[in-house]
Amino acid sequence: MHSAGFAAPPLQDAIELEAKITPVVIIYSIMVASGGLVFGYDVGISGGVISMQIFLEEFFPVGEERSQEAEMNNNYCRYVDQGMQIFTSSLFLTALISTFYASNTTRHRGRKTTMLIAGLLFLVGIILSASARSLPMLIVGRIFLGSGVGFANQAVPLFISEIAPSRIRGALNILFQFDMTLGILFGDLTIFTTSKMEGEWGWRITLGLAGVPALLFTLGAILVDETPNSLIERGHLEEGKSVLRKIRGTDNIEPEYMAILSASSISQKVEYPFEELLTGQNGAPLVIAIMIQVFQQFTGMNAILLYTPLLFKTLGYGSAASLYSAIVTGVVNVVSALVPIYFVDQSGRRKLLLVGGVQMFVCQTIIAIILGLKVRDNSNTLSQGMAFTMVLLLCLFVSSFAWSWGPMGWLVPSEIFPLETRSAGLSVTVCVNMMFTFLISQSFPSMLCEMKFGIFLFFSGWVLVMSLFVYYLLPETKGVPIEEMNERVWKQHWFWSKFMEGEMEVYSAGCTHSEI
């Protein structure tokens, strides 16, 4: 690996670091977290756009014909169309691939450059999507957007973690997830407005308005300073010192500067971090990070968010009522995402995940029972009161995810890896997340058609499995310094301690990679 050309003193134990909570750290975090707005907005509009009749007629005539023909008007199978599913899920597939290129850029070019590339990719993708005249052009736009997601999801959490004082690191990290929920709500509100427009302007304006948060994010990437950690690791020692002094609001930065210098020296001894992930002390964190991402997608939350308007139509709501109900769930999502900002460092990660799991399991099971009794292939006997109950249950489900598996799915992997493999570990985390988001979003309409109400039993079964996994295998990381994770968490755990002395090789579903 390239050496920055400096020698660092050994990292000392229990270094007292002076770090004020400065306005510049808060502003920088808010600016770069706006990358979550772009991703969330896209999730919020995807289901609404593909339910617009003019959009379906232009790009997905098969799906439109199927939804209109009386003989094919199956409540569960109205919108099964491979092209439509590729439109929705292509973003996640390209995000999966691009995250490894983003890892290389983040390591060698810095977090700031990686975020700037993400912003430019967002803007190109939005222009292509909003001006699309053919399905291939529309899909190419989605590919650029997905690449932006891969780069942003790699760089933003690292950037926030490295500039934030340790005592508010959890809250600032969750800001990225909160912006995703805010973006989803903005998307729902946009769809509610533009769906009333005549002609093609409705869907074009909807896709084009993603440029607003994309411009904000790109501007933020231009204005923020590079993190001290990245600067020092790449040999820009004096500049790193200057930025550290600026973000900490004090001249007493020598202890933290020496700690970063030592950590960078240790990190540089690892030549191939992706290979290092498969050995020794990295095995347990890698398994946890991978399984959390798999489980997060098998809650069914992203599938439900992507197809919320279509799902409400399946439940018998009209177009306007479906969009209104989607807005209600969007508001619930945003409000609930505020909960973990306070409780994550009070109650701990495990408790939020377990309580959220119970709530999701109950909601999805009851939804499945109601659908099984009231909604048939070609008939719908949902009363007004029962329809209201369905919306309430979906809101409770969305709420439980928003304060548990949503933010914890990103927070836990960001804090369990040792420094030398943290960037590579986060790449694998993003890769697995996008892989299973792609699989679920690509297959959800077909699964809904084939499994009908059983789709909710499918997801609730997975919620039960993941809750048992958390109860038995996920250690609590609340209040544990990252550099002490091995000694205080993994080596003390009843199961993972068995693998910490030797090497444990773990395979990451095709997502680990040698040095890129």
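How many Å should the 26 residues of helix α8 span at 1.5 Å a residue? The answer opens the first of these close-up views of a predicted model.

**View 1. Helix α8 runs over residues 169-194.** At 1.5 Å a residue, its 26 residues should span 38 Å. The end C-alpha atoms of α8 are 38 Å apart, which agrees. A kink of about 30 degrees is centred on Phe 176. Most of α8 is covered, with 19 of its 26 residues buried.

**View 2. Helix α22 covers residues 405-416.** Its 12 residues should span 16 Å at 1.5 Å a residue. The distance between its end C-alpha atoms is 16 Å, in agreement. Burial takes in 12 of the 12 residues of α22. Among them are Trp 405, Trp 410, Pro 407, Pro 413 and Glu 415.

**View 3. Phe 55 and Trp 203 form an aromatic pair.** The model has 15 aromatic pairs. In this one, the ring centres are 5.3 Å apart and the planes lie at 70 degrees, so the pair is edge-to-face. Phe 55 belongs to helix α3 (residues 53-59) and Trp 203 to helix α9 (residues 201-208), so the pair ties together parts 148 residues apart in sequence. Phe 55 is buried, at a relative accessible area of 0%. Trp 203 is buried too, with a value of 0%.

**View 4. An aromatic cluster includes Trp 405.**

**View 5. Lys 241 lies over the face of Tyr 257.** The distance to the ring centre is 4.8 Å.

Notes: Residues are numbered from 1 along each chain as its sequence is written. This is a predicted model: local features need pLDDT of at least 70, side-chain atom pairs count only at pLDDT 80 or more; totals for chains, interfaces and linings use all residues. Side-chain values use heavy atoms; hydrogens and water are left out. Helices (H or I, at least four residues) and strands (E, at least two) are DSSP runs, numbered from the N terminus. The expected span of a helix is 1.5 Å times one less than its number of residues. The bend at a residue is the angle between axes fitted to the seven residues ending there and the seven starting there. Buried means under 20% relative accessible area, exposed over 50%, partly exposed in between (1.4 Å probe, protein chains only). Rings of Phe, Tyr and Trp (its six-membered ring) pair if their centres lie within 6.5 Å; planes under 30 degrees apart count as stacked, over 60 as edge-to-face and the rest as tilted. A charge sits over a ring if NZ of Lys or CZ of Arg is within 6 Å of the ring centre and within 35 degrees of the ring normal.
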